[in-house]
Amino acid sequence: MDFSGKVVLITGASSGIGAATAKYLTELGGSVVLIGRNAENLNKVGAECQALGKQKPFLLVADVTKTEDNSRVIEETIKKFGKLDVLVNNAGIGKYAGIETTSLEQYDEIMQTNVRAVYHLTMLAVPHLIKSKGNIVNVSSIAGTRAFANVLAYCVSKAALDQFTRCVALDLAPKQVRVNSVNPAVIVTDFHNRLGMSPADYATYLKNCEKSHPLGRVGQASEVAAAIAFLAADTASFITGTCLCVDGGKNNLCPR
């Protein structure tokens, strides 16, 4: 795969899957635009990308839940590069709670980041992606394809994102803009730590998850990044509307 000459915008790029994707696509020659709220972490990832690739990453501190920030992100990207080839909607949050313990505030916060922000940024990016005949990769979850206890709002948000992926793929197919998603299972990132897990609880959780993934292990962020690169590459030119599980077999092979 070769991303030379491609401009790739990645949200949530300051950690986890976003950071891994930024580095992976930089190594493949892409010009990456990294979006994140944490300036310190974003600068760290930017430095790592610069050490790997020929192109210096373009860093923008922004909050995708703010409409003015999304407008600025697209405007500054086009001003800098003159085009946009790939949009990776990766930024997302999660919270623990089932129907008995959730709240409308929790629902609104998760939907604001995981769905509304993607909806808005995609709207703004589409005119430029039509010009470049580019594509979109949304970072969803197997939580969008099957039910899990105690993460109700998160599961709802990812199911919505999968349907958004399919609908937008259908809308944009006549314009030759492809839209796909990746749906990871458990991946080693700081996502669960942000949910409040202690390091000891997280280590136990990962060990237990080995039993629920048929391949006998959890995934790495670099493996999701490789799937994103595959879907975003020109070699996947006949793939659109696909929700690609990157899950060690968990979604289809494990008993529900």
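Let me begin with a term: a residue is called buried under 20% relative accessible area, exposed over 50% and partly exposed in between, with a 1.4 Å probe and protein chains only. The model is predicted, so local features need pLDDT of at least 70 and side-chain atom pairs count only at pLDDT 80 or more, while totals for chains, interfaces and linings use all residues. Residues are numbered from 1 along each chain as its sequence is written, and side-chain values use heavy atoms, leaving out hydrogens and water.

I turn to Ala-225. This residue is buried because its relative accessibility is 0%. Ala-225 sits in helix H8, residues 221-232; helices here are DSSP runs of H or I with at least four residues, and strands are runs of E with at least two, numbered from the N terminus. Beyond its neighbours within four places in sequence, Ala-225 contacts Ala-20, Thr-21 and Tyr-24, where contact means heavy atoms within 4.5 Å. Ala-20 lies 205 residues away in sequence, yet the C-alpha atoms are 5.9 Å apart.

Next, the core. A nonpolar core is a set of buried Ala, Val, Leu, Ile, Met, Phe, Trp, Tyr and Cys residues joined through side-chain atoms within 4.5 Å. The largest has 30 residues, of which Ile-10, Leu-34, Val-182 and Ile-228 touch the most other members. Helix H8 gives the most to this core, eight residues. Setting aside residues up to four places away in sequence, Ile-228 touches Ile-17, Thr-21, Val-88, Val-137, Val-139 and Val-182. A second, separate core of 27 residues includes Val-33, Leu-84, Val-118 and Leu-121.
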